[in-house]
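I opened this entry to look up the pockets in the structure and what lines them. My notes follow.

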Amino acid sequence: MSLKGKAAIVTGSTSGIGQGIAEALAAAGADVMLNGFGDADAIEQQRAGLERDHGVKAAYSAADMSKPDQIKAMVADAEKLLGKVDILVNNAGIQTVAAIEEFPDDRWELIQAINLSSNFYAIKAAMPGMKARNWGRIVNIASAHGLVASPYKVAYVAAKHGVVGLTKVVALETAQMNITCNAICPGFVKTPLVEGQIGDQAKANNMTEEQVVKDVILASQPSKKFVGIDELGALTVFLCGDQASSITGTSLSVDGGWTAR
Ligand code: NAD
């Protein structure tokens with residue numbers, strides 16, 4: 001599938017799933033704006049690597065997804081540097097694992113801001129251009145936790161359920177244009193975000209990290225294997241193609257059977 005001539009923003013693409021999706025979109029020919037935190041030299045290497053390996057234009061925005069003004073500026077920068085925003089992948093996300101009575105207020109607020117509100121602000125900023133060109137693809141990286149819950153993840157589960165709801169509304173508002181909005185709901189993917197949880201859960205449950213992977217993390221994932229980042233990149237590319245033009249407002253589970261239970 002070719003996405004040549006399309007321009008994409010992938011939030012939180014300096015690591016993990018977002019990095020893989022940015023790579024997959026560039027490999028399909030799309031120009032890409034990267035976003036996320038990290039070491040400046042490593043990010044510049046990643047950006048230059050996309051241009052070198054795929055012959056696309058690649059830019060970078062350091063916008064903080066907890067700050068609405070910076071999100072608006074990121075979209076404006078992409079429109080300036082890449083000419084437009086055809087594809088928006090809302091991927092940036094963080095996690096905190098704690099019992100509700102101990103859940104830090106500031107982490108609740110930050111998780112809502114980054115995992116949910118950033119999707120709203122980025123879509124709001126990109127939508128006028130998509131409507132003007134009558135073409136757009138919005139892919140929100142939610143989670144299996146957008147559909148079902150687990151204990152100790154109150155802020156994350158609430159935010160991801162919110163992403164699934166927001167996805168449906170945006171899809172309905174754009175249903176008669178060449179714009180789609182979908183959520184991808186991955187099960188566990190081995191990225192720095194999950195590696196952090198393995199340590200946290202081990203402490204909380206007084207278990208070894210191996211036990212946590214087997215009995216806690218992959219307990220809910222019938223396939224008993226982590227989802228591959230490449231699988232999420234390939235699905236995103238498919239959703240951005242013309243053959244996915246009738247797929248909108250839906251939540252696509254990529255979770256090894258987790259939510260089939
Ligand atoms: P990760 O920690 O590897 O990457 C997160 C990215 O978000 C990084 O690039 C980081 O710099 C960026 N980021 C964090 N805070 C930011 C902010 N305030 N502003 C801008 N960028 C910010 O995590 P990941 O596992 O690749 O997760 C990516 C998305 O996938 C998240 O939304 C996560 O909830 C979701 N997800 C992950 C899994 C999993 O098992 N890893 C499962 C389901 C859903």
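**Pockets and their linings**

I began with the second largest pocket, where helix 4 gives the most to the lining, with five residues. I note that the model is predicted.

I then checked which helices supply at least two residues each of this lining, and found helix 4 and helix 5. I listed the lining residues: Phe-120, Ile-123, Lys-124, Met-127, Lys-131, Leu-166, Val-170, Glu-173 and Thr-174. By class, I have five nonpolar, one polar and three charged residues for the second largest pocket. I took down its volume as about 160 Å³.

I moved on to the largest pocket and wrote down a volume of about 690 Å³. Its lining has 37 residues, and I looked up those closest to the pocket centre: Asn-91, Ala-92, Gly-93, Ile-94 and Leu-193.

Which helix gives the most to the lining of the largest pocket? I found helix 6, with four residues. I also looked for every helix that supplies at least two residues there, and noted helix 1 (16-27), helix 4 (105-133), helix 5 (154-173) and helix 6 (192-205).

Last, I sorted the lining of the largest pocket by class and got 17 nonpolar, 17 polar and three charged residues. I had also written three charged residues for the lining of the second largest pocket.

Technical notes: Residues are numbered from 1 along each chain as its sequence is written. This is a predicted model: local features need pLDDT of at least 70, side-chain atom pairs count only at pLDDT 80 or more; totals for chains, interfaces and linings use all residues. Side-chain values use heavy atoms; hydrogens and water are left out. On a 1 Å grid over the protein atoms alone, a cavity is a set of points where a 1.4 Å probe fits but cannot get out, and a pocket is an open set with protein on both sides within 12 Å along at least five of seven lines; lining residues have an atom within 4 Å of a point. Grid points are joined across faces, edges and corners, and a volume is the space filled by probe spheres set on the points. Ala, Val, Leu, Ile, Met, Phe, Trp, Tyr, Cys and Pro count as nonpolar, Asp, Glu, Lys and Arg as charged, and the others, Gly among them, as polar.
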